[in-house]
Amino acid sequence: MKRFLFLISCSLFLISSIVAQPDRWQQKVKYTMNIDMDAVTNKFTGKQKLEYTNNSPDVLNKVFYHLYFNAFQPNSSMDMRSRELGKQTINGRQDWDGRVRDRILNLKENEIGYQKIVSLKVNGVPQPFKYHETILEVNLTKPILPKSKVVFDMEFEAQVPLQVRRSGRDNPNTGVRYSMSQWYPKLCEYDQEGWHPTPYIAREFYGVWGDFDVTINIDKTYKIGGTGVLINANEIGWGYDSLNTTDLKPTKKAKRIWHFIGNNVHDFVWAADPDYKHLVRKMPNGGPMLHVIYNYKPNDKKNDSDWEKVADAAVKVLPFIETNFGKYPYPQYSFIQGGDGGMEYPMATLLNGPGLGGVFHEWMHSWYQMMLGTNESMYAWMDEGFTSFAENLVTKFYDNRSSIEDYKAALANNPENENLKELLTQLPNDHCDGYASYFQLVKNGLEEPLTTHADHFNSNFAYSIASYCKGEVFLEQLGYILGASVRDKILLEYYKLWRFKHPNADDFIQVAEKTSGIKLDWYKEYWCNTTKTIDYSVDSSWEENGVLKIRIKRIGQMPMPVDLQVTLKDGSTEMHYVPLNLMYGEKPAENTVEKREVHEEWRWTHPVYIVEIKHHLSDLKKVEIDPSKRMADVDRKNNVFELN
């Protein structure tokens, strides 16, 4: 009867999840920008018309803009933060971002970046403004009323910095001339929490949904890839107008005009180089155009084949991605060589090389940042962590092998490595890097809660593992708590309900609860808000009145449900599932072949639980907590109990 009622409860939760649509207001922008680039001085001027719709119930007396290029000046916040973090040593290495280091401090006058506002008007009226390094504060002469629209007209000038972090010119590693990310004055986001004028110190972003109409005037020898659709493709050629076109169309003008339009996005990126080569793939059945744009190297056939592999891999994996994470809604996507590693933007990514790990990771950001658009500063783990989770599964699909195989191969090449041997006993078949890095962070004692603002972690080491790895483990471990198939349904429901709406952690948990019928606030509280760890042990086993009893202890401070696999001497196995009382439910059986028994819930206040099984002690061979190893138990040596 309990089981029947639980299934009804799950069904009701699922129906409400499908019917209920979150109703949260979103601000709206419409950018029209015209950029004139001087490729000799590396400076450009710009005119920006911004239609801003205040869909909030609030009166706005001021607005804020991001001026990202101002970070690339000696003694800037980015410069100082990098050098300060670099003073500490972790695992024998200075803890600064290796791409930034102290490079900003040494930039010359013609190598720094800046964005200067020449004029700013609202509905034709000049506005006073104040610089706060990478933030522009505008105190409006007339407030923006709720449910109203105003037009900002801005003229600005900028100098493209030498490539340091993400954006810049003359990348010494890739040879790319211009990587134009965070290149324009960008209005800060205003949401239910208020304004988010986050200074730029090399961390993450948050933007307003809207439409971009961007015209770029640049020397006619340059070739460009970026966000949006090139609407004057017939004038440009170079594969944009036809799959058979490989060259730019001739022009007598000194500069060429590139006109892009991107709708329902929250940023715009472009990159330019005279030596770019363009590959194009058309997905079947009305799917998007896929562009691969990279620096061509004469007589380097491997470089060409590596980027061809990127294009072909994208075609192969997109159907898998859409089946498991939701449909890609835009008409195109571009993989562009540029930047300083891999960096995601709407409808495009900058990649310093053709490695497929980076390709898949940055593309999956289209789902877990470009469409869902969480505040990355506050929820970096929902951006990078969810993306890393998806990247792992896409890579597994492409390679047809789990990530554990890489660790097994490493051990085979170095069989005397005791640390690697022990690590292999801790890792699940998938998401191995995420788990391994999380365990390392715990061991080092440098972990900080996932609720820490991305800019305010005490170390780059802790930030990177928290956002990328602990966030990845969050989803795989959620599959342990709810069942992998239920978790997968949650991800699709999350995509359907919250794309283009800026969800936060509570929004995701609510979707997970409604889809699964299980309470999960405790999971978010422990895993995200604290650094408490999971550690369970099989303490002992004995027989009493013909009943086999197994005592389990919770040693760590974070409670979890327990999968307890019992192996009998005849070789058969049984799963004994102990739900956590805070869940108010249980996960469905994941292995329909293996016998499974559900026991009474474990009250989180009690550190000891005794499982009673209808067997004799003489029947028992082995007991193991979580044989799937998806539960991030920091000490698995005590998870197994064996009888000789």
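Student: What distance does helix α6 reach from its first C-alpha to its last?

Tutor: In this predicted model, α6 covers residues 380–399, a run of 20 residues. At 1.5 Å a residue, the expected reach is 28 Å. The span from the first C-alpha to the last is close to that expectation, at 28 Å.

Student: Why is α6 described as largely enclosed by the rest of the structure?

Tutor: A residue counts as buried when its relative accessible area is under 20%. Helix α6 is largely enclosed by the rest of the structure because, of its 20 residues, the number buried is 15.

Student: Which residue joins its side chain to that of R83 in a polar contact?

Tutor: R83 lies in helix α2, which covers residues 77–85. Leaving aside neighbours within four places in sequence, R83 is in contact with N75, W96, R101, D102 and L105. The polar contact between side chains, at 2.9 Å, joins R83 to D79.

Student: How far apart in space are R83 and K316?

Tutor: In sequence, R83 and K316 are separated by 233 residues. From C-alpha to C-alpha, their separation in space is 43 Å.

Student: Which residue in the hairpin of β24 and β25 takes a positive phi?

Tutor: Strands β24 (residues 342–345) and β25 (residues 348–351) run antiparallel and are joined by four bridges. Within this pairing, G342 stands opposite L351 in β25. The hairpin has two residues between the strands, and the positive phi, near 65°, belongs to M347.

Notes: Residues numbered from 1 in each chain as written. Predicted model: local features only at pLDDT ≥ 70, side-chain atom pairs only at ≥ 80, totals over all residues. Heavy atoms only, no water. Expected span 1.5 Å × (residues − 1). Buried < 20%, exposed > 50% of the residue type's maximum accessible area, 1.4 Å probe, protein only. Contact = heavy atoms within 4.5 Å. Polar contact = N/O pair within 3.5 Å; in protein donor to acceptor, adjacent residues only side chain to side chain. Pairing = 2+ DSSP bridges.
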